[in-house]
Amino acid sequence: MMGKTHALSGALAWLAAAPLLTNEDLLGKYAVDLSAKQLLAGAVVCAGAGLLPDIDHHNGRIANTYGPITKVFCKWVGKISGGHRHATHSILFAALMGVAMHLLAVHFVYGWWAALFVIVGFGLRGIGLDFEGKEPQSAIADCVLAGVAVYLMHGLDMSFAGYAVTLGCLAHVAGDCLTPKGCPVLWPIPWRIDVPLVPKTDGKVERWVVAPVLLLGVAILAMRSVLGDLGARWLTRG
Ligand SMILES: [Zn+2]
């Protein structure tokens, strides 16, 4: 799957799951409050986390995000995790990343800002923010934009970050399962799940069916959230 598709699927998963995550009857003390700003921040985090499982690919798009730093990092993750589309493309990885990001966001905010900087950078690179063949310029642009995003979100209560990161990773894994290679979803159990509805990355099905459907879904759910927020404000005013 293309980076854009993964980022879109992350944003869609977040917007679709938001009503469940805020439902106290369903989740009890694990439910979260989401203001309009937090909902938007969550969509950005989840879209960025939608690229995260590909940190096992040393030549992948996101490996170049912050130059040699991310390149070496991705190379090592690939070696340790068993190669591309192994451990990082599983439910276990998604859950562990979510727990780690939750702990950072709640207990060690500087660590969370650093993680957020990386996640947003991956997301920007994933959606295609780079200058063809100009790596230093691309890395600097990523740094600046990710820095702005962290600045805009630094005052927000991000105790929902764990949910956003887990959902983004799961959306990625689900997307990759639609390709012929599939993913070891239940890793360390080695079975690979594949439902090859998308025969080729960046092929016709992905470009003309999957990406437009995801985009439409994001637009509809974002609209629903905005209208719901306006409606709630109107009712409380009335
Ligand atoms: Zn992948």
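Guide: Helices (H or I, at least four residues) and strands (E, at least two) are named here as DSSP runs, numbered from the N terminus. The model is a predicted one, in which local features need pLDDT of at least 70 and side-chain atom pairs count only at pLDDT 80 or more, whereas totals for chains, interfaces and linings use all residues. Residues are numbered from 1 along each chain as its sequence is written, and side-chain values use heavy atoms, with hydrogens and water left out.

Visitor: Where is Asp54 placed in the chain?
Guide: Asp54 is buried at a relative accessible area of 15%, where buried means under 20%, exposed over 50% and partly exposed in between (1.4 Å probe, protein chains only). Leaving aside neighbours within four places in sequence, the contacts of Asp54 (heavy atoms within 4.5 Å) are His6, Ile62, His84, His89, His172 and Asp176. The place of Asp54 is in the loop between helix H3 (36-49) and H4.

Visitor: Which residues are the protein donors of the zinc ion?
Guide: Donors are N, O and S atoms within 2.8 Å of the metal (3.2 Å for Na, K and Ca), and since water is not among the atoms, sites may look incomplete. In sequence the donor residues follow the spacing D-x34-H-x82-H-x3-D. The distances from the zinc ion run from 2.0 to 2.2 Å, and the donors are Asp54 (OD), His89 (NE2), His172 (NE2) and Asp176 (OD).

Visitor: What arrangement do the 4 donor atoms around the zinc ion make?
Guide: Four donors count as tetrahedral if all angles lie between 85 and 135 degrees; four count as square planar and six as octahedral if opposite donors are over 155 degrees apart and all others between 65 and 115; anything else is irregular. Around the zinc ion, the 4 donor atoms subtend angles of 89 to 174°, so the arrangement is irregular.

Visitor: How many residues apart in sequence are the parts that His89 and His172 tie together?
Guide: Both His89 and His172 are buried. Because His89 lies in the loop between H4 and H5 while His172 lies in helix H8, the pair ties together parts whose separation in sequence is 83 residues.

Visitor: Which residue meets Asp176 in a salt bridge?
Guide: Asp176 lies in helix H8 (residues 161-177) and its partner in the loop between helix H4 (68-81) and helix H5 (91-107), so the pair ties together parts that are 91 residues apart in sequence. The two residues are both buried. The N to O distance is 3.5 Å, and the partner is Arg85.

Visitor: How far apart are the closest N and O atoms of Asp142 and Arg125?
Guide: Asp142 is buried with a relative accessible area of 0%, and Arg125 likewise counts as buried at 0%. In the salt bridge of Asp142 with Arg125, the distance between the closest N and O atoms is 3.0 Å.

Visitor: What is the phi of Asp202 near?
Guide: Most residues other than glycine have a negative phi, and most peptide bonds are trans. Asp202, which is found in the loop between H8 and H9, meets Arg207 in a salt bridge (2.6 Å, N to O). Asp202 is partly exposed at 32% relative accessible area, and its phi is positive, near 65°.

Visitor: Is the peptide bond from Trp187 to Pro188 cis or trans?
Guide: Pro188 has its place in the loop between H8 and H9. With omega near 10°, the peptide bond from Trp187 to Pro188 is cis.

Definitions and conventions
A salt bridge is a side-chain nitrogen of Lys or Arg within 4 Å of a carboxyl oxygen of Asp or Glu.
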